[in-house]
Amino acid sequence: MRWLWATVGALLLLSLLVGAAGFGVPDGLILWQIRLPRTLLAALVGAGLGVSGAVLQGALRNPLADPGLLGIGGCAALGAVVAFYWGMEAVFAPALPIGALAGAGMGCAVLMAFSGRALSGPSLILAGVALSALASALIALALTLAPNPFALAEITFWLMGGLEDRTLLHLALAAPVIVAGCAVLLRLGVRLDALSLGEATAATLGVPVAQTLRLAAVGVALAVGGGAAVAGGIGFVGLVVPHLLRPVFGERPGGLLWPSLAGGAAILVAADVLARLGPLVLPLQQEPRLGVLTALMGAPFLVAIARRVGP
Amino acid sequence: MIGVADFSASLGGRQVLHGVSFAAEAGAFVAICGPNGAGKTTLLRGLAGLLPGGRATPRRVAYVEQGARCAWGMTVRQVATLGRVPHGDRDGAAVDRALAACGVAALADRRIDRISGGQARRAMLARALATEAEVLLLDEPVADLDPRAAHEVMALLAGLALRGGCVVAVVHQVELALRYASRMVVMAEGRILADGVPREVLDVAASCFGMAVGLAERLLPPTDLTS
């Protein structure tokens with residue numbers, strides 16, 4: 001565990017030293033206004049995605065579970081699209097993350113309503129899939145009706161995820177939400193361990209199964225919704241991180257929460273550093289999108305895992 | 001110690017238990033026998049407080065479901081330690097005792113998905129024992145065990161009952177129930193047909209399982225035949 005935190009620390013430091021101008025210690029204003037918010041946001045968003053993935057895989061006893069499964073990211077995107085749609089973002093800059101946060105919050109409420117009172121793993125997954133489909137449909141609707149001809153390009157760009165030009169304001173908006181979500185999720189360890197024996201057995205061990213799933217969904221909504229509000233759509237981190245860590249930390253779900261938090265932070269900070277290095281070392285006009293990079297990095301990992309799983 | 005009175009239950013609109021009354025005391029090893037669909041599992045789930053309206057009593061009753069398995073490749077010790085969840089601790093001594101009682105202490109650090117099915121079943125039993133509950137409810141604890149392992153597990157359960165525990169187990173192998181259980185309950189179609197000392201309810205059990213009575217007699221352990 002210590003080496004993992006050391007890796008996170010080293011990556012944070014590296015992230016502060018890399019920018020559009022190249023390597024080196026930047027002047028105070030750049031460090032404080034540009035590099036620091038961006039670095040901390042990458043770490044926070046990644047931590048939220050990592051721990052969300054670990055909790056969902058544990059709660060649903062499914063190694064394929066991903067925070068995107070619950071549709072919260074889609075709802076955040078919908079909120080952002082609505083902010084774009086009415087041009088609110090042009091008038092009032094924080095309208096975008098605030099709209100996305102509101103979308104994530106509404107998504108969470110709808111998810112709870114969809115999944116009903118007798119919550120179980122399958123009902124949560126089905127409710128999430130329904131919510132995802134609804135959010136995608138409404139985003140598509142908003143895009144086709146968008147009055148602003150540039151909206152389509154801007155929204156598409158935002159949906160690919162990224163952390164450039166984020167400010168301390170973005171950090172102030174997202175950090176409390178993500179931290180609250182992680183705090184909820186990190187407390188579920190023992191319950192997730194018990195759930196690995198199935199929902200019935202967990203109930204006989206005194207674990208309130210429906211309440212645990214509800215807390216997991218709310219925690220994921222906060223941790224992922226807060227992240228999506230400032231970073232857009234970033235996939236694969238929540239799915240891949242627990243898989244990377246299981247061979248090292250064992251498969252007990254509760255034992256993976258803190259490592260996945262740190263691992264998610266490390267991976268997203270590393271991906272963001274790579275995004276900034278892109279134009280420096282390659283003939284690129286601009287940074288590759290962060291969501292594109294995490295998917296590019298995540299897919300080979302998944303292929304490797306798939307080959308190892310076997311029949 | 002544990003029981004239900006005039007207990008009915010429905011699954012998906014079909015009534016599977018019709019006013020069943022059942023109670024088990026400390027020191028009893030009750031084998032519940034009967035054909036598939038008799039309502040054995042539903043009765044056990046009702047005793048465990050898992051049916052609608054029921055309430056689990058985690059420290060008092062430990063339950064191992066049919067075909068119990070762990071979703072992740074946790075170690076045998078980690079699985080057994082889950083038995084301490086109702087107590088909110090990780091009492092290593094209680095876990096060690098449970099692992100030793102089930103004969104899986106040597107496997108404590110092996111992954112439960114990398115040991116044999118019989119060993120994994122005993123690890124699940126160790127998880128239930130680690131709770132140190134008064135009542136053990138086990139759904140087919142010896143299914144898919146080889147004969148020797150099945151005898152070992154049944155002997156272990158009989159020993160627990162002798163030391164004052166209360167064990168209620170669904171058992172399909174009538175010969176094992178005859179040899180080890182102190183009491184046999186025969187169920188069919190959601191009702192209890194017979195309940196008593198295994199030898200005495202044997203005929204009912206035999207007819208339920210479709211065996212000729214004479215054949216069932218031969219299943220009696222030799223000591224019982226001479227008495």
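## Helices α3 and α5 of chain A

Angles between helices run from 0 to 180 degrees and are taken between N-to-C directions, with axes fitted to C-alpha atoms over the stretch in contact. In this predicted model, helix α3 of chain A (residues 72–85) and helix α5 of chain A (residues 95–115) cross at roughly 140°, and their axes come within 7 Å. Angles over 145 degrees would count as roughly antiparallel; α3(A) and α5(A) are therefore oblique to each other. The crossing of α3(A) past α5(A) is right-handed.

On the α3(A) side, the residues that make the contact include I72(A), C75(A), L78(A) and V82(A). On the α5(A) side, they include L96(A), L101(A), M106(A) and C108(A). By class, the residues of this contact are 15 nonpolar, four polar and no charged.

## Helices α8 and α11 of chain A

A second pair in chain A is formed by helix α8 (residues 168–186) and helix α11 (residues 209–231), which pack at an angle of about 160° with axes 8 Å apart. That angle makes α8(A) roughly antiparallel to α11(A). Their crossing is left-handed.

Among the residues of α8(A) that meet α11(A) are H170(A), L173(A), V177(A), I178(A) and L185(A). From α11(A), the residues include L215(A), V218(A), L222(A) and the run G225(A), G226(A) and G227(A). This contact divides into 16 nonpolar, six polar and no charged residues.

## The two domains of chain B

Chain B is split into domain 1, which covers 2–60 and 134–226, and domain 2, which covers 69–133. The centres of these two domains of chain B, taken over C-alpha atoms, are 24 Å apart. Between them, 14 residues of domain 1 of chain B are in contact with 13 residues of domain 2 of chain B.

On the domain 1 side of this contact, the elements of chain B that give two or more residues are β5 (135–139) and α5 (147–162). Helix α5(B) gives the most, with four residues. The domain 1 side has eight nonpolar, no polar and six charged residues.

## Sheet and hairpin of chain B

Six strands of chain B form an open sheet with mixed pairing, in the order β4-β5-β6-β3-β7-β8. Strands β4 (61–64) and β8 (191–196) of chain B are at the edges, each pairing on one side only. From one strand to the next, the twist averages 15°. At one end of the order, β7(B) (residues 183–188) and β8(B) pair in the antiparallel sense over five bridges, and M184(B) has G196(B) in β8(B) as its bridge partner. Helix α5(B) lies across β3 (29–33), β5 and β6 (166–170) of chain B, and runs at about 150° to β6(B).

Strands β1 (residues 2–11) and β2 (residues 14–24) of chain B also pair in the antiparallel sense, over seven bridges. F7(B) has V20(B) in β2(B) as its bridge partner. The two strands β1(B) and β2(B) form a hairpin with two residues between them, and G12(B) in the turn has a positive phi of about 55°.

## Contact between the chains

Chain B and chain A touch through 17 residues of chain B and 17 residues of chain A. The chain B side of this contact has 14 nonpolar, two polar and one charged residues.

Technical notes:
Residues are numbered from 1 along each chain as its sequence is written. Chains are lettered from A and ligands numbered from 1 in the order in which they are written. This is a predicted model: local features need pLDDT of at least 70, side-chain atom pairs count only at pLDDT 80 or more; totals for chains, interfaces and linings use all residues. Angles under 35 degrees count as roughly parallel, over 145 as roughly antiparallel, 65 to 115 as roughly perpendicular and the rest as oblique. A crossing is left-handed if the near helix is turned anticlockwise from the far one by less than a right angle, and right-handed if clockwise. Two residues are in contact if their C-beta atoms, placed from the backbone, lie within 7 Å. Ala, Val, Leu, Ile, Met, Phe, Trp, Tyr, Cys and Pro count as nonpolar, Asp, Glu, Lys and Arg as charged, and the others, Gly among them, as polar. Domain bounds come from an automatic or database domain assignment. Two strands pair if DSSP finds at least two bridges between them.
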